[in-house]
Amino acid sequence: LCNAVKARGNPPGIEIREVQSLEVRNQGELINAYNNYVDTKHEGAIVKDPKGPYELGKRSKFWYKLKPKETLDVTITGIIPLEEERQLRVWGIRYAALRGDEYVNLGMIRGLDFRAGSRLAEMILNYGLIPQNAKMMDLTPDIETRGRFTQVKESWGFEIEPKIVITIDSLGIVRHNNEKFSLRNARFLYIREDMD
């Protein structure tokens, strides 16, 4: 493709650029190359099977993006409950960060495992964090920067008092302007029980 494009020029409206590439043969070489890219201020690296095709407009098993993960302590401001055998557990959360004197809702994480979800439910009930007469509501409208996965059908739950701190990781912070930001692919890691 690159040689053909060089001969004819870029197709109208499409910019095609060659990028630096490096062939790696094993995990050690991959780790060294990745660390070198990050150390020289690149965002990360793309790993590609050289025999794999480019599949336009979809995730491909032949291409994989490697980026450093960022960890962040956030506060839970909403939960999506799940009732199993008459026992409550938390299946999803809305998380927030403190900006000045107020919490700013940044996103949702769904699909917490049984152990973490059960422990969160226990803490929420023990501390009385769900206000009396609370009603289920859509937890997504006041998320600061809404991505394409923000609004899905599994977004109904309860707001809770922001008392439980958890640690999450993500594939990077996306800055939308000087003040607003969101997290790319946020994932629950653990409850900060030392901070309750």
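This is a predicted model: local features need pLDDT of at least 70, side-chain atom pairs count only at pLDDT 80 or more; totals for chains, interfaces and linings use all residues.

Reader: Which residues are joined with them into one network?

Author: Asp73, Arg192 and Asp194 form one network, through salt bridges that share partners.

Reader: Asp73 is new to me. What does the side chain of Asp73 make a polar contact with?

Author: With the side chain of Thr167, at 2.5 Å. Thr167 is found in strand β8, residues 165–170. Its relative accessible area is 4%, and the limit for buried is under 20%, so Thr167 is buried. Leaving out residues up to four places away in sequence, Thr167 touches residues including Leu72, Asp73, Phe188 and Arg192.

Reader: What do the side chains of Thr77 and Arg94 have between them?

Author: A polar contact of 2.9 Å. Asn105 takes part here too: its side chain makes a polar contact of 2.6 Å with the side chain of Thr77, and one of 3.3 Å with the side chain of Arg94. Each value falls within the 3.5 Å limit for a polar contact.

Reader: Where is Asn105, and is it buried or exposed?

Author: Asn105 belongs to strand β5, residues 102–110. At 7% relative accessibility, Asn105 is buried, because the label needs under 20%. Not counting residues up to four places away in sequence, Asn105 touches Thr77, Arg94 and Asp142, among others.

Reader: What makes Asp142 and Arg94 a salt bridge?

Author: Their closest N and O atoms are 3.2 Å apart, and the cut-off is within 4 Å. This pair links distant parts of the chain: Asp142 is in the loop between β6 and β7, Arg94 is in strand β4, and the two are 48 residues apart. Arg94, at 2% relative accessibility, counts as buried.

Reader: How many salt bridges does the structure hold?

Author: Eight. One of them joins the side chains of Glu122 and Arg119, at 3.2 Å from N to O.

Reader: Why are Glu122 and Arg119 separated by about one helical turn?

Author: Because they are three residues apart in helix α3. An α-helix has 3.6 residues a turn, so residues three or four places apart point the same way. Glu122 is partly exposed at 42% relative accessible area, and Arg119 is partly exposed at 25%.

Reader: How do you know that the length of α3 agrees with what it should span?

Author: Helix α3 has 14 residues, 114–127, and should span 20 Å at 1.5 Å a residue. Its end C-alpha atoms are 20 Å apart, so the two agree. At the start of α3, a side-chain oxygen of Asp113 reaches to within 3.2 Å of the backbone nitrogen of Arg115. After α3 comes Gly128, with a positive phi near 65°.

Reader: Last one: which residues form the nonpolar patch on the surface?

Author: Ile46, Tyr54, Leu56 and Trp63, with about 480 Å² of accessible area together. Take Ile46, which is in strand β1. It has 48% relative accessibility, so it counts as partly exposed. A patch residue needs over 30%, and 48% passes that.

Key
Residues are numbered from 1 along each chain as its sequence is written. Side-chain values use heavy atoms; hydrogens and water are left out. Patches are made of residues with over 30% relative accessible area and no salt bridge: like charges are joined within 9 Å, nonpolar side chains (Val, Leu, Ile, Met, Phe, Trp, Tyr) within 5 Å. Accessible areas come from the Shrake-Rupley method with a 1.4 Å probe; for residues, only the protein chains shown count as cover. Helices (H or I, at least four residues) and strands (E, at least two) are DSSP runs, numbered from the N terminus. Buried means under 20% relative accessible area, exposed over 50%, partly exposed in between (1.4 Å probe, protein chains only). The expected span of a helix is 1.5 Å times one less than its number of residues. A polar contact is a pair of N or O atoms within 3.5 Å; within protein, one must be able to donate a hydrogen and the other to accept it, and residues adjacent in sequence count only if both atoms are side-chain atoms. Contact means heavy atoms within 4.5 Å.
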